[in-house]
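Subject: Structure for your files

Hello,

Here is the structure I said I would pass on. My notes on it follow below.

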Amino acid sequence: MAKKITVITRYFWPEGGGAEQATYLVVRDVLSQVGDVTVISGTRKPAVVNGVNYVHWNSLSRSSKSRVLLESMLRFGGH
């Protein structure tokens, strides 16, 4: 059974800069090889990695980090 991995990030490549590109590379080269990956971000047109699911969440592009963390925990069942 593959691991389920969720990446929550305000921006995802090609939007943003070096941190967003690094996140994209980790998703592409590491995480997608070991599990079912879903990327949740505020980027409307993210770089596509085969086999990775994308969810655009508009709140990420306009909210503070603490609010996003709380909302994500409530919405996606984090503990």
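**Ser41 and its surroundings**

A polar atom of the Ser41 side chain lies 3.2 Å from the backbone nitrogen of Thr43. This is a predicted model, in which local features need pLDDT of at least 70 and side-chain atom pairs count only at pLDDT 80 or more, while totals for chains, interfaces and linings use all residues. Residues are numbered from 1 along each chain as its sequence is written, and side-chain values use heavy atoms, with hydrogens and water left out.

Ser41 is part of strand E2; strands (E, at least two residues) and helices (H or I, at least four) are DSSP runs, numbered from the N terminus. Its relative accessibility is 2%, so Ser41 counts as buried (under 20% relative accessible area; exposed is over 50% and partly exposed in between, with a 1.4 Å probe and protein chains only). Leaving aside neighbours within four places in sequence, Ser41 is in contact (heavy atoms within 4.5 Å) with Thr9, Arg10, Tyr11, Phe12, Val55, His56, Trp57 and Leu60.

**Strands**

Five of the seven residues of E2 (residues 35-41) are buried, so this strand is largely enclosed by the rest of the structure. E2 pairs with E1 (residues 3-9) in the parallel sense over seven bridges; strands pair if DSSP finds at least two bridges between them. In this pairing Thr9 stands opposite Ser41. Between E1 and E2 the chain passes through helix H1 (residues 18-34), and the β-α-β crossover is right-handed (clockwise from the first strand over the helix to the second, with the strands pointing away from the viewer). E2 is also joined to E3 (residues 53-56) by four bridges, again parallel, and Ile40 has Val55 as its bridge partner in E3.

**Core and aromatic rings**

Beyond four places in sequence, Val27 touches Val7, Phe12, Ser32, Val37, Val39, Val49 and Val52.

Phe12 and Tyr24, both buried, form an edge-to-face aromatic pair, 6.0 Å centre to centre with 75° between the planes. Rings of Phe, Tyr and Trp (its six-membered ring) pair if their centres lie within 6.5 Å; planes under 30 degrees apart count as stacked, over 60 as edge-to-face and the rest as tilted. Phe12 sits in the loop between E1 and H1 and Tyr24 in H1, so the pair ties together parts twelve residues apart in sequence. With Tyr54 they form one aromatic cluster.

Regards

Note on methods: Polar contact = N/O pair within 3.5 Å; in protein donor to acceptor, adjacent residues only side chain to side chain.
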